[in-house]
Amino acid sequence: MDTELGYSIIPLAILGGAIRVSTPFLFVSLGEALTERSGRINLGLEGTLVFGAMSGYAVAYLTNSPWLGVGAAMICGALFGLIHGVICSLPRVNDIAVGIAMMILGMGLAFYFGKPYVQPVAPDLPAIGFGWWSDIPQVRAALEVNVLFLIGAVLAVVLWWMLRSTRIGLILRVVGDSTDAARAMGLRPAVVRTCATAVGGAFAGVGGAYLSLYYPGSWNEGISSGQGLMAVALVIFARWNPLACFGAALLFGGAGALGPVLQSVGISEGYYLFFAAPYVLTLGVLIATSSPTRAMTGAPGELSITK
Amino acid sequence: MTAIGVETLGMTMRFGAFTALDNCSIKIAPGSFHALLGENGAGKSTLVKCMMGFYQATAGQMLVDGREARITDPKAAHARGLGMVYQHFTLVPSLTVAENLVISREDVPNVIDWRAERLELQAFMAGMPFQLPLDQPVRTLAAGEKQKLEILKQLYLGRRFLILDEPTSVLTPDEADEVLSHMRRLCQEGAISVLMITHKFREVTAYADEVSVLRRGKLVGGGKVADLSHDDMAALMMGDAQLARPADRSGTRGAPVLELDGIRAVDRTGLKDIEVDGLRVHAGEIVGVAGISGNGQSELMEILTGQRPCQSGEIRVNGRAYTASRTEAQSHNIRFLPEEPLFNACAPRMSVSDNIGFRSFDTDGGFWLSRRKMRARAETLVRQFKVKTTTIDAPISALSGGNVQRAVLARELSGEVDLLIISNPCFGLDFSAVSEIRARIMTARNEGAAVLIMSEDLDEIMELTDRVLVMSEGRVTYEATTAEADIASIGHHMGGHA
Ligand SMILES: Nc1ncnc2c1ncn2[C@@H]1O[C@H](COP(=O)(O)OP(=O)(O)OP(=O)(O)O)[C@@H](O)[C@H]1O
Ligand SMILES: [Mg+2]
């Protein structure tokens, strides 16, 4: 490979990589932000992500349509969210414990049902090439943007607007911030939270479908590298703001792209250290944004981890 | 919009074996201002919560405008035009004032046009006797402002029967007058009827038409306010119990116990500074900090309790640097009663006995907690301070507002006390409890404790303290011995015009 071009392409490759890697982060974190804004935390999204990847891949393979796959992943995700939400509505049930159980259940079911789909090849999700102006293949490759990423970006803006300017958005924030106030208003917090968890699960399912149907683009048991869990940290970093979730997802995506990019331009030593970048970033972000004095501004008041 | 009348018939409410409300029938005529009096734990809040459908009464009926109404939840009450300002705030802390108002409406559109809503809100605000910042998150408002917002919210929602549960306990007398005279005007215009729970006879005489008195869950009397004197009302509330007599001042002022120098910190909103310099509290004296809520008193309290870090400055206790650690508080015998004790000085879901044990659980045992000792201590204190609770194992959050206050005071005032730091000690207490608590504070002073007391109740400051300071805009702007202080200039400094 031409090293001259190789090094100058790094920033662009990282951007492209960030976009590719960030999409599942984006969907899971938007889903988690929505759930947490309602006052619950769903740690099961890692399991939902993996199950979404499996079900999306399987349905896409069987129907030969990647979009039907995405739809299936969404429905499965919503079901997982619904189960989590309903269980947590029972008295004296802890959402974190249920989340961990759902995570393990989701992964277990995905591996069980996914066995027959490791070999077959399902159709990929379409991408739009924004690199048509260049003849350099690397540039073109870097600027291939998947449709789901664009949908996710629009979704972030829509959610942000929804939380600010719609009735549903305000109700969600009321319920997440004060159960007492919600009750006094005649709202039913458990119902609102269950719905929010179901929608959050649907988002995570879509994130999973992206993994198996676009990047890396195949179904296997190691498909997720903890994106579902890191997204929880990401939501805290993004202060429960969907727009910030978008930025944070790109940042995490960029960190995740670092290793593969360095490897692809021919750096053969130590690049694997950069594969750890997202995990280091998670830790760094949590430490940097913590503060003994300021209360976490923006943290929903009813959230069990910040209460 | 016209006022509606409400009547309860034989309202009874039991919590387990405990009867909080016993066969209570009261009638509020349309357009009247009705006051509900009673000691702490008498069942006042329980009665109105039953009326609002927040609790399901064990027995009894409600008549709204003369017709039977089955009110199963607050929504049903709202639909009939009933509204309530609860004793504990029901605002959503992270939402702004405007968002809180709009979302509380029944008919919020699916998509909110904020520009139009804001214009409407501004027009509504303009017709009110007081103003609130529409874009601030409620979290950053002072207690008094929150209370005003609660009341404003009910008016905004167009309620025709309004229940106010101790609306003025966090307001200054001036603010209270402002709010209540507006309510009274609305009553006279026939726009609303008001049922107000209060502990202040002054407000009953000045604003109410009629009064009902509860004692231990039973309606024990009432009638036209014009026919009743304060003594009559007091007698109805207390039955044959005796009022604690205020202790006389005795002893001499000793060495300074608490010294604050060059303290700087940011306030709750993060926008303003708190600066306190040269504050001294000596042994055997009570220093009062007067001021309108939101002028830095709660931040000063937080600095002293260690809840808020200082950017600079020094706090000394008995001449030694003090960093608000538990060990220091223990070795110097420092005790606190912060405002909103349920949140600042209690673990709400833990039992009364555990909460009372917070000062002593780690010192009067070894490695293992001595449950027996903790319970015995709790039993004694609950009896001594007359905390009304079903058992000492009940979660402290189930206690009535005034009883939480008593439980915390019981904990803080027991044992040796050298420095006592208090904020609004009589917030929400009935008058017999008030005189009892003030007597206890005076006794602590006479026994040589240094007392710093922050209070929005100027009468309390004038009665209790030896020296008075005024805080305004985060600074101490006035200082005088209470004997020489003059109410008018204190008032001026509180208002910030001096
Ligand atoms: N949810 C509950 N469970 C058990 N007991 C309760 C509950 N709510 C109230 N009580 C008890 O009922 C009694 C009456 O309480 P209530 O809150 O009505 O008093 P109150 O008259 O409003 O007093 P205060 O002036 O202190 O606010 C108290 O003894 C209280 O401990
Ligand atoms: Mg009460």
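Q: Which helix of chain B gives the most to the shell around ligand 1?
A: Helix 1 of chain B does, with three residues. The model is a predicted one.

Q: How many residues surround ligand 1, and what makes a residue count?
A: There are 19, and the closest are Gly41(B), Lys44(B), Ser45(B), Thr46(B) and Ser400(B). A residue counts because one of its heavy atoms lies within 4 Å of the ligand.

Q: Why is ligand 1 said to lie between domain 1 and domain 2 of chain B?
A: Domain 1 (6-238) gives residues to the shell, and domain 2 (256-494) does too, so the ligand lies between them.

Q: What makes the approach of Gly402(B) to ligand 1 a polar contact?
A: A polar backbone atom of Gly402(B) is 2.9 Å from an oxygen atom of ligand 1. The cut-off for a pair of N or O atoms is 3.5 Å, so this pair is a polar contact.

Q: How much of ligand 1 does the protein bury?
A: Taken alone, ligand 1 exposes 640 Å², and the protein buries 87% of that.

Q: How do the shell residues divide into nonpolar, polar and charged?
A: Six are nonpolar, ten are polar and three are charged.

Q: Why are Val154(A), Val157(A), Val158(A), Trp160(A), Trp161(A), Leu243(A) and Val111(B) called a nonpolar patch?
A: Val, Trp and Leu are among the nonpolar side chains that are joined within 5 Å, and each member has over 30% relative accessible area, so these residues form a patch. Together they have about 580 Å² of accessible area. Helix 7 (residues 147-165) of chain A gives the most, with five residues. Val111(B) lies in the loop between helix 3 (97-103) and helix 4 (114-126) of chain B.

Q: What is omega for the cis peptide bond that joins Tyr215(A) and Pro216(A)?
A: Omega is about 0°. Pro216(A) sits in the loop between helix 10 (189-213) and helix 11 (227-237) of chain A.

Q: What is phi of Asn23(B), a residue other than glycine?
A: Phi is near 50°, a positive value. Asn23(B) is found in strand 2 of chain B.

Definitions and conventions: Residues are numbered from 1 along each chain as its sequence is written. Chains are lettered from A and ligands numbered from 1 in the order in which they are written. This is a predicted model: local features need pLDDT of at least 70, side-chain atom pairs count only at pLDDT 80 or more; totals for chains, interfaces and linings use all residues. Side-chain values use heavy atoms; hydrogens and water are left out. A polar contact is a pair of N or O atoms within 3.5 Å; within protein, one must be able to donate a hydrogen and the other to accept it, and residues adjacent in sequence count only if both atoms are side-chain atoms. Accessible areas come from the Shrake-Rupley method with a 1.4 Å probe; for residues, only the protein chains shown count as cover. Helices (H or I, at least four residues) and strands (E, at least two) are DSSP runs, numbered from the N terminus. Ala, Val, Leu, Ile, Met, Phe, Trp, Tyr, Cys and Pro count as nonpolar, Asp, Glu, Lys and Arg as charged, and the others, Gly among them, as polar. Domain bounds come from an automatic or database domain assignment. Patches are made of residues with over 30% relative accessible area and no salt bridge: like charges are joined within 9 Å, nonpolar side chains (Val, Leu, Ile, Met, Phe, Trp, Tyr) within 5 Å. A salt bridge is a side-chain nitrogen of Lys or Arg within 4 Å of a carboxyl oxygen of Asp or Glu.
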